[in-house]
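Please open the structure in your viewer and keep the sequence beside it. The tour below moves from one selection to the next and says what is found at each stop.

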Amino acid sequence: MYSLLIVDDEEYICDSLFQLFSNQKELNLEVSKAYCAQEALELLNQQRFDIVMTDIEMPGMSGIELMKKISKRWINCKIVFLTAHSKFDYIYSTGQYKNTYYLLKTEKIEKIIGTIRDLTEELRRDSYNAEMLSRMKEEQQLQVERYLK
């Protein structure tokens, strides 16, 4: 199971996305929500999230500032900016960070769900690859130990 945190100061959008992803049983997501970046950080300090979907422009702390804080502490967290702003500056500044994605709020629901589906698949592949690498290192260590005996 993967965890998704939705962050948006527009409560209607946040609640709608929360409901949408809570109902996507095939994605196997644990979904949480926050109505501001500060509330999101409090949740992030309590548990690890695999994916954070956030608005860019919010009062107090922007989604970009939130992304920078998340990127420092949780380097593998995928961050999806879902915003009404299509300014190139936003796209450029968010594209400078690993694991960031950009969607417009005007996108069709299928595209938004598809993006989260793709990210959960990517997380699954990353986890599998990390496990295989760990097993290969263990096997290599065993072979070295056998050789040295």
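Predicted model: local features only at pLDDT ≥ 70, side-chain atom pairs only at ≥ 80, totals over all residues.

Five of them form an open sheet in the order 2-1-3-4-5, with parallel pairing. Strand 2 (29-34) and strand 5 (100-104) stand at the edges with a single partner strand each, so one side of each has no neighbour in the sheet. On average, and with direction ignored, neighbouring strands of this sheet are turned by 20° against each other.

Within the sheet, select residues 51-54 and 78-83, which are strand 3 and strand 4, paired in the parallel sense over four bridges. Here Met 53 stands opposite Val 80 of strand 4.

Helix 1 (residues 11-22) lies across strand 1 (2-7), strand 2, strand 3 and strand 4, and runs at about 175° to strand 2. Helix 3 (residues 63-73) lies across strand 1, strand 3, strand 4 and strand 5, and runs at about 175° to strand 4.

Return to the charged side chains, where the count comes to nine salt bridges. Select Glu 122 and Lys 78, whose side chains meet in one of them at 2.7 Å, N to O. Because Glu 122 lies in helix 5 and Lys 78 in strand 4, the pair ties together parts that are 44 residues apart in sequence. Glu 122 is partly exposed at 22% relative accessible area, whereas Lys 78 counts as buried at 2%.

Then select Lys 105 and Asp 55, whose side chains form a salt bridge of 3.5 Å, N to O. Lys 105 is in the loop between strand 5 and helix 5, and Asp 55 in the loop between strand 3 and helix 3, 50 residues apart. Lys 105 is partly exposed at 22% relative accessibility, while Asp 55 is buried at 4%.

Finish on the surface with Val 144, Tyr 147 and Leu 148, which form a nonpolar patch with about 390 Å² of accessible area together. Tyr 147, found in helix 5 (residues 109-148), is exposed, with a relative accessible area of 72%.

Terms used:
Residues numbered from 1 in each chain as written. Heavy atoms only, no water. Pairing = 2+ DSSP bridges. Helix = DSSP H or I, 4+ residues; strand = E, 2+ residues; numbered from the N terminus. Axes fitted to C-alpha atoms, helices over the stretch in contact; angles between N-to-C directions. Contact = heavy atoms within 4.5 Å. Patch = residues over 30% accessible without salt bridge, like charges linked within 9 Å, V, L, I, M, F, W, Y side chains within 5 Å. Areas by Shrake-Rupley, 256 points an atom, 1.4 Å probe, with all protein chains shown as cover. Salt bridge = Lys/Arg side-chain N within 4 Å of Asp/Glu carboxyl O. Buried < 20%, exposed > 50% of the residue type's maximum accessible area, 1.4 Å probe, protein only.
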